[in-house]
Amino acid sequence: MTAADAPAPDVSPPNRRLYIETVGCQMNVLDSELVVGALRQRGYEVTSDPEAADTLLFNTCSVREKAEQKIYSSLGRLKYRKRSRPGTVIGVLGCMAQKDQDLIFRRAPHVDLVVGTGQLAEVPDLIDAARQSAVLGSKSRLTALSLSRRGGGRKEIEASFESYDPLREPTMRPTPHQAFVRIMIGCDKFCTYCVVPTTRGPEQSRAPSDVKKEVEILAGQGVKEITLLGQTVNSYKHSGEGKTYRLSDLLYLIHDTPGIERIKFVTGYPKDLGNDLLEAIRDLPKCYHYLHVPLQSGCDDVLKVMKRGYTVAHYRDMMQRVWEIVPGCSVSSDFIVGNPGESEESFQKSIDSIREFRFKNSFIFKYSPRPGTKAHERLEDDVPEEVKRRRNNELLAVQNEVSEEENARLIGRRVSVLVEGPSVRQKKEDDRDDASAPGGTVQLTGHSRCDRIVVFDGNPRLIGSAAEVEVEDCTGTTLLGSIVTREVTHLGGLPVLT
Ligand code: 5AD
Ligand code: SF4
């Protein structure tokens with residue numbers, strides 16, 4: 001009997017053990033949740049110990065080189081794994097997979113499957129196929145990747161995520177009360193430094209009725225806070241179902257979902273931030289008063305090199321509209337330091353912009369040339385590493401100063417918090433010993449409506465409900481306070497929401 005005549009081995013018995021490592025953005029966290037959800041339905045258990053797993057998946061990020069190196073070193077550690085554990089399946093998913101399939105198999109020949117961001121629904125079948133080959137003694141190299149942007153990419157990706165998002169895995173969420181919902185994928189902006197349009201494909205918005213359905217399912221599972229995800233989330237636009245929906249329309253559509261108490265969305269694109277969206281977050285009580293709209297640089301020359309499509313003056317106009325329409329709204333930014341052509345003078349303008357726009361916080365990155373981007377092809381990476389490092393530290397120091405000053409303005413005010421769970425300090429204490437504090441009080445944490453971390457003492461029964469906290473002190477990252485009301489049922493009804 002040849003191998004081909006033999007009955008197919010049973011490759012998905014119960015008790016399969018899955019280890020999944022996720023790097024990168026919230027989009028990746030959500031993708032991992034979906035993959036784990038699908039695999040659990042096939043009897044997989046999740047383990048945090050790679051040694052205990054027979055299936056190891058790496059959900060990857062390509063935005064900066066460091067994230068890729070991390071994955072290659074994790075893969076390197078598994079080089080001889082199959083000698084001692086035949087039948088182990090190793091897969092690379094996500095952005096790196098989409099971009100570098102050949103390179104991955106060359107650098108890590110023990111990898112069995114490489115699956116792009118638009119094909120994650122195929123992961124369970126691909127794992128079964130890889131295991132089948134392994135059991136039959138042959139080596140598999142399976143790939144499932146998007147077609148090029150010019151090919152059938154647009155439709156192909158859409159079909160995949162429309163049918164895939166409803167499968168969710170509650171244990172992978174940030175907390176049981178918080179969940180991500182993807183409303184769009186891909187990006188058509190092509191900033192010169194950025195690899196996302198290549199790895200995530202063309203921009204596509206999901207049908208509003210699908211988003212609504214998913215929010216209702218999540219609410220039914222006890223989720224109270226929804227974060228809508230998109231690479232340029234406020235560019236959301238969907239025509240069909242009788243009208244064209246923008247993000248503001250979508251917020252109105254999902255706002256009254258029973259059980260949902262809070263809604264936010266990330267990441268924004270400055271050029272597409274219209275007053276309709278600002279008016280929606282002003283008028284809809286469940287919406288966060290928070291926007292993440294990365295400026296990237298405070299210098300027009302650098303913004304031009306980046307092809308961001310706006311100037312600092314446009315951004316200033318946007319900020320004035322934010323402050324006018326939604327007073328107290330917090331805004332956070334991303335910055336790249338050491339972009340090609342960034343002089344000391346240009347960099348100083350980024351410092352000035354943090355002081356002027358009073359960002360709640362900023363995510364600061366050193367420019368990392370990414371193969372496949374315009375910047376990598378056409379521009380010299382001309383800022384030395386030590387200069388990038390110094391600028392990174394300087395910008396961070398200014399941002400910390402501003403964050404602390406802005407937080408201090410809230411001392412003495414009341415903020416509304418959806419209680420997420422024990423604070424980081426409390427978790428550490430709980431790990432050390434399990435004796436609870438007198439009266440059952442622990443240190444709890446949650447976010448204010450302007451997305452600031454709030455820490456306060458309270459009964460663990462409050463977790464998952466809303467509380468009002470008076471701010472008494474702060475650091476650059478945290479508001480510290482005391483509970484005013486023990487419990488409120490609906491955030492929308494609170495008189496003071498910050
Ligand atoms: N180098 C450094 N930072 C980058 N980002 C995107 N591409 C690069 C790159 N090549 C940053 C941007 C973006 C964030 C997600 O990552 O600031 O907003
Ligand atoms: Fe990348 Fe620019 Fe698209 Fe953001 S808007 S994902 S930085 S190309």
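A polar contact here is a pair of N or O atoms within 3.5 Å. I wrote that down first, and I also noted that this is a predicted model.

**Entry 1: the ligand**

I started with Arg-64. One of its polar side-chain atoms sits 2.8 Å from an oxygen atom of ligand 1, so this pair falls within the 3.5 Å cut-off. Tyr-193 has a backbone N or O atom 3.0 Å from a nitrogen atom of ligand 1, and for Ser-368 a backbone N or O atom is 2.8 Å from a nitrogen atom of the ligand. I then checked the cover: ligand 1 on its own has 400 Å² of accessible area, and the protein covers 86% of that.

Which residues are around ligand 1? My list includes Val-63, Gln-296, Asp-334, Phe-365 and Arg-370. Sorted by class, I get 5 nonpolar, 4 charged and 2 polar residues in the shell. Strands E15 (330–337) and E16 (362–366) each give at least two residues to this shell.

**Entry 2: the sheet**

I traced an open sheet of 6 strands with parallel pairing, in the order E2-E1-E3-E4-E5-E6. On average, neighbouring strands are turned by 20 degrees against each other, ignoring direction.

Then I picked out the helices. Helix H1 (residues 26–40) packs on the sheet and touches E1, E2, E3 and E4; its direction makes about 175 degrees with that of E1. Helix H4 (residues 95–107) also packs on the sheet, touching E3, E4, E5 and E6, and makes about 135 degrees with the direction of E4.

Last, I zoomed in on E5 (residues 113–115), which pairs with E6 over 3 bridges in the parallel sense. Val-114 has Thr-143 in E6 as its bridge partner.

Key:
Residues are numbered from 1 along each chain as its sequence is written. Chains are lettered from A and ligands numbered from 1 in the order in which they are written. This is a predicted model: local features need pLDDT of at least 70, side-chain atom pairs count only at pLDDT 80 or more; totals for chains, interfaces and linings use all residues. Side-chain values use heavy atoms; hydrogens and water are left out. Two strands pair if DSSP finds at least two bridges between them. Helices (H or I, at least four residues) and strands (E, at least two) are DSSP runs, numbered from the N terminus. Axes are lines fitted to C-alpha atoms, for helices over the stretch in contact, and angles run from 0 to 180 degrees between N-to-C directions. Contact means heavy atoms within 4.5 Å. A residue is near a molecule or strand if one of its heavy atoms lies within 4 Å of it. A polar contact is a pair of N or O atoms within 3.5 Å; within protein, one must be able to donate a hydrogen and the other to accept it, and residues adjacent in sequence count only if both atoms are side-chain atoms. Accessible areas come from the Shrake-Rupley method with a 1.4 Å probe; for residues, only the protein chains shown count as cover. Ala, Val, Leu, Ile, Met, Phe, Trp, Tyr, Cys and Pro count as nonpolar, Asp, Glu, Lys and Arg as charged, and the others, Gly among them, as polar.
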